[in-house]
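Subject: Structure handover and findings

Hello,

Here is the structure for you to look through. Please open it first, then read the notes below.

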Amino acid sequence: MSVSFAHSVRAEWIKVRSLRSTWYTLACLFAVGLGITALAMNAAARQYPGDDPWDPTGRSLTSYIVAQLIVGVLGILVVTSEHATGLIRTSLTATPRRHRLLAAKVVVAVAVAVVAGQVLMFTAFFLGQAVLAAHGVPHARIGDPGVLSAVAGGGLYLAAIALLAVGLGTIMRATAGALATLVGIVFLVPGFAGLFPAWLHGLLFYWPTLGAAAVFKTAPDPDFPHPWLNLAGMCAGVAAVLAVAFVVFRRRDV
């Protein structure tokens with residue numbers, strides 16, 4: 001008897017919510033993310049106005065730098081936890097159509113990441129602005145120009161990182177390897193961007209923590225003047241990784 005896609009999604013959701021690691025990861029996401037926001041905004045208020053253009057919205061969302069790794073761990077575990085325990089064989093017995101099983105995992109991962117990412121970004125924004133207001137420093141309101149798109153775009157950015165993590169976890173089947181690759185993508189490549197040949201510099205406009213991360217800002221960035229286009233380019237890259245993951249998952253042995 002063929003299992004419907006809705007049943008596959010429901011089964012994957014039950015798996016994810018039954019794992020204690022899921023809830024630990026989400027608790028860590030909010031504790032670390034909001035903790036960083038509070039500390040960063042206190043420091044920003046003391047240094048106001050500083051040398052850079054004052055962007056209270058962008059400053060309150062800087063916790064994404066760490067949050068993307070935590071969201072990435074969540075996305076990786078959606079796939080690799082079953083490989084680690086051997087339960088992937090049971091899942092494939094129940095859902096022999098591999099593309100359907102992986103698609104269900106993707107749907108669950110992106111749903112959790114979108115909700116968690118948006119809640120974190122909106123909470124970080126309001127917390128950050130409250131800290132600035134308490135210090136008597138100019139702060140932003142959600143209705144100010146560009147603020148809502150920056151906050152909502154931040155949640156979408158984190159969801160895209162979660163999807164990238166699902167793809168990496170599927171391809172590598174190991175939590176450590178997938179996480180190391182994700183760290184390289186979001187930290188090492190941007191850190192060594194200046195060493196790349198000129199013909200590769202165009203890729204940086206769509207790279208996580210570089211061009212795509214411009215969506216978090218409301219102040220214009222002359223290096224990345226089209227943040228939503230940059231984010232769309234990053235999403236296209238994530239889609240390519242997921243496409244490879246589907247092909248690999250379908251063709252190789254467990």
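A crossing is right-handed if the near helix is turned clockwise from the far one by less than a right angle, and left-handed if anticlockwise. Keep that in mind for the helix pairs below. One caution before the findings: this is a predicted model.

**Helix 4 and helix 8**

How do helix 4 and helix 8 pack, and at what angle? Their axes lie 10 Å apart, at an angle of about 150 degrees. Angles over 145 degrees count as roughly antiparallel, so helix 4 is roughly antiparallel to helix 8. The crossing of these two helices is right-handed. On the helix 4 side, the contact uses Ile65, Gln68, Leu69, Gly72, Val73, Ile76, Leu77 and Thr80. Helix 8, which spans residues 175–191, brings Thr175, Ala178, Leu179, Leu182, Val183, Val186 and Phe187. By class, this contact of helix 4 with helix 8 has 11 nonpolar and 4 polar residues. It has no charged residues.

**Helix 4 and helix 6**

Helix 4 covers residues 64–85, and helix 6 covers residues 98–134. Their axes come within 11 Å and cross at roughly 160 degrees. That makes helix 4 roughly antiparallel to helix 6. Helix 4 passes helix 6 in a right-handed crossing. From helix 4, the residues in contact are Tyr64, Ala67, Val71, Leu74, Val78, Val79 and Glu82. From helix 6, they are Lys105, Ala109, Val112, Ala113, Leu120 and Met121. The class count for helix 4 with helix 6 is 11 nonpolar, no polar and 2 charged residues.

**Helix 1 and helix 6**

Helix 1 runs over residues 5–18. The axes of helix 1 and helix 6 come within 8 Å, crossing at roughly 55 degrees. Helix 1 and helix 6 are therefore oblique to each other. Helix 1 passes helix 6 in a right-handed crossing. Helix 1 makes the contact through Phe5, Ser8, Val9, Glu12, Trp13, Lys15 and Val16. Helix 6 answers with Arg100, Leu101, Ala103, Ala104, Lys105, Val107, Val108 and Val112. The residues of this contact of helix 1 with helix 6 divide into 10 nonpolar, 1 polar and 4 charged.

**The cavity**

How many cavities of 30 Å³ or more does a search of the whole structure find? The search finds 1. About 30 Å³ of space lies in the largest cavity. Its lining is Val16, Leu19, Thr22, Leu74, Leu77 and Val78. Helix 4 supplies the largest share of that lining, with 3 residues. By class, the cavity lining has 5 nonpolar, 1 polar and no charged residues.

Some of these names have come up already. Leu74 and Val78 line the cavity, and both take part in the contact of helix 4 with helix 6. Leu77 also lines the cavity, and Leu77 belongs to the contact of helix 4 with helix 8. Val16 is another lining residue, and Val16 is on the helix 1 side of the contact with helix 6.

**The pockets**

The largest pocket holds about 410 Å³ of space. It is lined by 17 residues. Which of them lie nearest its centre? They are Asp55, Gly58, Arg59, Lys217 and Asp221. By class, the lining of the largest pocket has 9 nonpolar, 3 polar and 5 charged residues.

The second largest pocket has a volume of about 210 Å³. Its lining residues are Leu164, Ile185, Leu203, Tyr206, Trp207, Pro208, Gly233, Met234, Gly237, Val238 and Val241. Helix 9, residues 227–251, gives the most to this lining, with 5 residues. The class count for the second largest pocket is 9 nonpolar and 2 polar residues, with no charged residues.

Best wishes

Definitions and conventions:
Residues are numbered from 1 along each chain as its sequence is written. This is a predicted model: local features need pLDDT of at least 70, side-chain atom pairs count only at pLDDT 80 or more; totals for chains, interfaces and linings use all residues. Side-chain values use heavy atoms; hydrogens and water are left out. Axes are lines fitted to C-alpha atoms, for helices over the stretch in contact, and angles run from 0 to 180 degrees between N-to-C directions. Helices (H or I, at least four residues) and strands (E, at least two) are DSSP runs, numbered from the N terminus. Angles under 35 degrees count as roughly parallel, over 145 as roughly antiparallel, 65 to 115 as roughly perpendicular and the rest as oblique. Contact means heavy atoms within 4.5 Å. Ala, Val, Leu, Ile, Met, Phe, Trp, Tyr, Cys and Pro count as nonpolar, Asp, Glu, Lys and Arg as charged, and the others, Gly among them, as polar. On a 1 Å grid over the protein atoms alone, a cavity is a set of points where a 1.4 Å probe fits but cannot get out, and a pocket is an open set with protein on both sides within 12 Å along at least five of seven lines; lining residues have an atom within 4 Å of a point. Grid points are joined across faces, edges and corners, and a volume is the space filled by probe spheres set on the points.
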